[in-house]
Amino acid sequence: MSSELITHIGELTCVDAEARVLTDAAVVVEDGRIAWIGAAADAPAADTATDAEGRAVLPGWVDPHTHLVFDGDRSAEFEARMAGESYAAGGIGLTTEATRAASDERLRDLVLGRVADAVAGGTTTLETKTGYGLSVEEEARHARLLARLKAEGHIDAVTFLGAHLVPAGRDAEDYLDDVVGPMLEAVAEHVDWVDVFCDRGAFTGEQSRRVLTAGRDAGLGLRLHGNQIEPGPGVGLAVELGAASVDHVNHLTDEDVEALAGTWAHWDRAGATGTPGVVAGCLPACDLSTRAPLAPARRLLDAGIEIALASNCNPGTSYTTSQSFNVGTAVLQMHLTLAEAVRAATMGSAIALRRQDEVGSVEVGKRADLHMLAAPAAIHLAYRPGMPLTHAVWRAGRRVR
Ligand code: NIG
């Protein structure tokens with residue numbers, strides 16, 4: 001048993017049932033879990049103590065959507081987009097070529113470097129995906145790499161995205177036979193989730209249904225990329241199949257919003273208990289990097305839908321792991337309050353991974369994932385956009401930054 005007292009916290013944002021924000025607070029961490037929360041003046045003794053000197057503390061960020069296994073450079077594609085080109089899914093093929101050519105060691109180092117960047121910005125829970133392999137052998141290689149990184153405690157959840165794009169030279173239906181057959185069989189033991197890119201230039205609604213039902217039959221949870229490039233069947237499919245999240249959601253109809261809202265009928269939002277519905281994953285950095293309309297986060301929240309904020313780190317549309325950037329942008333551009341944006345990047349994202357009982361808030365019994373800012377209050381995340389505001393990070397009670 002080892003314990004640490006973190007005291008003189010200027011502002012402690014708990015993201016708990018009462019949405020408590022405590023001032024002059026303290027937290028005791030014991031064996032990787034939160035053991036006590038309260039006023040600094042009442043804090044019990046612990047083996048060691050850290051003086052926050054008035055800084056703000058939040059739950060560590062949860063990032064429920066990243067694509068960290070990639071090699072190669074697509075900065076020219078980004079630059080062309082900033083000069084007026086629009087985003088098309090085809091660039092995924094370029095990254096696939098470069099990633100296939102990378103050795104196991106190089107891919108591992110690249111992923112670990114990206115995880116380290118995420119942690120340095122306050123992220124303590126990470127999902128990441130395959131999806132730049134696009135052959136049985138390569139998708140299995142990437143799934144094995146990620147499963148090992150998960151077992152070593154670097155990441156928390158692994159998603160199979162063999163249905164990211166139809167690879168060059170393959171027929172879509174023929175490729176899907178692989179995805180739902182030998183590819184799924186090869187990756188299933190290494191992954192937690194199955195995902196599909198359901199949009200123009202990638203997979204149709206019917207093709208996406210095929211991938212998701214096969215994944216479900218193999219025991220995987222369901223997630224989708226949907227409604228990114230144009231309105232389409234992604235949201236409806238996510239609702240129909242009971243996916244944990246549908247991410248991007250830039251182009252939504254009234255029916256889409258209504259359908260998503262309907263999935264939250266048996267959920268107690270404040271207490272985060274009951275049956276969770278389909279989380280709408282909003283990806284502000286991606287929206288800005290593709291000059292897409294920002295996902296309608298305000299409208300989704302007002303309709304009673306849990307939203308998540310995710311980095312979507314990938315070389316095509318969002319080359320960042322900064323959840324602090326996303327929270328600041330959600331306040332500045334998406335018209336969320338600070339509390340709503342912080343909840344979306346912590347508890348909302350935890351719900352998207354169905355990990356809300358373990359992470360996403362500062363509550364007694366939860367994993368001690370803490371993000372201390374170099375600022376007295378969390379509003380500085382939006383007030384001082386782009387500033388390096390992460391002062392310290394604890395993951396499962398261990399100081400990782
Ligand atoms: O989530 N939309 C699909 N996948 C990624 C983009 C991948 C790429 O362009 O390389 C995304 O934005």
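Okay, a definition to start: when I say salt bridge, I mean a side-chain nitrogen of Lys or Arg within 4 Å of a carboxyl oxygen of Asp or Glu. Arg-367 and Asp-156 make one through their side chains, at 3.1 Å, N to O.

Quick caveats. This is a predicted model, where local features need pLDDT of at least 70, side-chain atom pairs count only at pLDDT 80 or more, and totals for chains, interfaces and linings use all residues. Numbering runs from 1 along each chain as its sequence is written, and side-chain values use heavy atoms, with hydrogens and water left out.

So, the layout. The protein chain splits into domain 1, which is 3–59 + 362–399, and domain 2, which is 61–352; those bounds come from an automatic or database domain assignment. Taken over C-alpha atoms, the domain centres sit 29 Å apart.

How do the two domains meet? On the domain 1 side, 20 residues are in contact with 22 residues of domain 2, with contact meaning heavy atoms within 4.5 Å. Between them the domains bury about 1,500 Å², and 65% of that is on carbon and sulfur atoms. Buried area here is the accessible area, with a 1.4 Å probe, that two parts lose on being put together, summed over both. Within domain 1, Val-15, Leu-381 and Arg-395 lose the most area to domain 2, together 33% of what that side buries.

Now the polar side of that interface. The rule finds two salt bridges across it, and eight residue pairs are in polar contact between the domains, both residues at pLDDT 80 or more. For polar contact, read a pair of N or O atoms within 3.5 Å; within protein, one must be able to donate a hydrogen and the other to accept it, and residues adjacent in sequence count only if both atoms are side-chain atoms.

Which elements of domain 1 each supply at least two residues of the side that touches domain 2? Strand E5 (56–59), helix H13 (380–383) and strand E17 (390–395). E17 gives the most, with four residues. Helices (H or I, at least four residues) and strands (E, at least two) are DSSP runs, numbered from the N terminus.

Let's follow E5 a bit. E5 pairs in the parallel sense with strand E1, residues 3–13, over two bridges; pairing requires that DSSP finds at least two bridges between the strands. Glu-11 stands opposite Ala-56 of E5 there. E5 also pairs with strand E16, residues 370–373, in the antiparallel sense over three bridges, and Leu-58 has His-371 in E16 as its bridge partner.

Back to E1: eight bridges join E1 to E2, and the two run antiparallel. Leu-5 has Val-28 in E2 as its bridge partner. E2 then pairs antiparallel with strand E3, residues 33–39, over six bridges, where Val-28 stands opposite Trp-36. The E2 and E3 hairpin has two residues between the strands, and Asp-31 takes a positive phi near 50°.

Leaving out residues up to four places away in sequence, Leu-22 touches Gly-10, Glu-11, Leu-12, Cys-14 and Ile-37.

Last stop, charges again. Searching the whole structure gives 28 salt bridges. One of them joins the side chains of Asp-71 and Arg-106, at 2.6 Å, N to O. That pair links distant parts of the chain, 35 residues apart: Asp-71 is in the loop between strand E6 (61–63) and helix H1 (75–82), and Arg-106 is in helix H3, residues 104–120.
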